[in-house]
Structure formats: C-alpha cells, structure tokens
Amino acid sequence: MKILHIAGSPKGERSASRKLADVFLRRYRALHPDHEIGDIDVFDAAANPDFGAVHAIHKLAPLFGEERSEAGTVAWVDTERLIADFDRADRILLSCPMWNYSVPWAVKRYLDHLMQPGRTFGFDPKTRQHFGLLRDRPVQFILTRSSTGDDDPGDFQLPYLLHIFRQMGLHDIRVITACKTTKATAPERLAYLDSFTPELEAAAARF
Ligand SMILES: Cc1cc2nc3c(=O)[nH]c(=O)nc-3n(C[C@H](O)[C@H](O)[C@H](O)COP(=O)(O)O)c2cc1C
C-alpha cells in the first residue's frame, strides 16, 4: 500500500498544514507500519518544475493538428513522472494553505502537470462533459487558513481542489479545515493546531 503526501506549503517546520499532516501521518504509520509513505514538496522546482510555454504548446498540439516538438517531448517526461507517482498511490494526502482565497501557485503548478486530457481526464464532445480517467481512492485534504471561514463565498481553495480531483476521477475526498491558524502568540497557535488532533487521528484510522 502506497501513500502520497503532497505538501503544499513552502514553510517546512513552520508550516501549520504540515504540522497537522504530521499528526495524521504519525497515527497512520502507527496503524500501518508496513505501508510506504512518499512525499512531494511542490515548492521544490526539481520535483515539480515550471509548467510554461513548452508544456502548454505540447499539451494542445494534437488538438491543433500540430506535430509535437522534441523540446516538448523532453519537458513532458517530468509531467508523466508526476502523473505516474500520483496514480501509483493508493491513498493521497494533500496538506495545503490558502493563499489569496485559492491555493499557492506551486500547488496550481503541480495540478497543471496532473490535469492532462486523455491521460487523467476525458471529454465527451456530445455532452460537453469532462470525466475522470484515474481510479477512485481515498483522498484526505488538510487545509489551513488564517481567517477565511468554511462557508465564505471567497473560498476558492476547497471548491477548486474538489473540482480538480473529481475531474480526474477521485471522489472519495475527506476534508479537515483549520480556518483560524493566526493567533498572537506561539502557544495559542500550537493550542489551536493541537485541538485538531482527535479529528486528525480519527481520519487517519479511517484512511
Ligand atoms: C501569500 C499568502 C496569502 C494568504 N491568503 C490567505 C487568504 O486568502 N485567506 C486566509 O484565511 N488566509 C490566508 N493566508 C494565511 C494562511 O492561509 C495561513 O497562515 C495558513 O495557516 C498557512 O499555512 P502553512 O503554515 O501551512 O503555510 C495567506 C498566507 C500567505 C502567506
């Protein structure tokens, strides 16, 4: 059994979402010591490189009746690697802060690699509906924000993530959101994060 943790904050040890993910994974490891847990830091440009002009042209070339270039084929090796690593996982954990009502740009860059027509999602021209091409499996989102509430109309983080994962065919999505991570003192911040331990441990046991 393989677990993939997608780490969506650049703050390392100081990241609230990573701290919450660590609690979840500690419990999961205790329950399943033989399961393999892999990690991708989306801010690491070697692991999650730029998705730019070469990729965009390569992606749509067949739809435009164009030949794919050698540069595009070389660049696509990273995209394929990221999709393969994602698809190999039996369980997916995403820890992710909110940045300006949405996800950090590096999380978007990662999802731009994953979302490929004919590979991770399909399109039915008759119904004009997209559909997922990946197998469904448990997904846990652990999201953090400092002030934007659960029902805020300005929440483009959770609806966006739900939509993208469902588009790829992943529907078994569980969500834990810590909406008030900003506190004036470190002990208050830690106490707030600690208050999620029972929920995180219960989610890890169900994962
Ligand atoms: C660039 C940036 C933009 C942010 N935008 C929002 C926001 O729109 N709404 C919000 O509630 N918090 C926002 N925050 C606060 C973070 O979501 C919050 O501090 C979160 O706990 C950070 O998680 P992390 O420590 O795992 O990175 C923002 C933080 C940063 C650095």
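Predicted model: local features only at pLDDT ≥ 70, side-chain atom pairs only at ≥ 80, totals over all residues.
## Two strands side by side

Now step back to the strands themselves. Strand E6 covers residues 139–144 and strand E7 covers residues 173–178. The two pair in the parallel sense, over six bridges.

Next, look for Leu60, Leu63 and Phe64, which make a nonpolar surface patch of about 330 Å². Where does Phe64 sit? Phe64 is in the loop between helix H2 (53–60) and helix H3 (70–88).

Is Phe64 buried or exposed? Phe64 counts as exposed because its relative accessibility is 57%, and the cut-off for exposed is over 50%.

## Cysteines without a bond

How many disulfides does the structure hold? The number is zero. Take Cys96, which is in no disulfide: the nearest cysteine sulfur belongs to Cys179 and is 13 Å away. Cys179 is in no disulfide either, and the nearest cysteine sulfur to Cys179 is that of Cys96, 13 Å away. For a disulfide, the two sulfur atoms would have to be within 2.5 Å.

Are these cysteines buried or exposed? Cys96 is buried, because its relative accessible area is 0%. Cys179 also counts as buried, at 9% relative accessibility, since buried means under 20%.

Note on methods. Residues numbered from 1 in each chain as written. Heavy atoms only, no water. Patch = residues over 30% accessible without salt bridge, like charges linked within 9 Å, V, L, I, M, F, W, Y side chains within 5 Å. Areas by Shrake-Rupley, 256 points an atom, 1.4 Å probe, with all protein chains shown as cover. Salt bridge = Lys/Arg side-chain N within 4 Å of Asp/Glu carboxyl O. Helix = DSSP H or I, 4+ residues; strand = E, 2+ residues; numbered from the N terminus. Buried < 20%, exposed > 50% of the residue type's maximum accessible area, 1.4 Å probe, protein only. Pairing = 2+ DSSP bridges.
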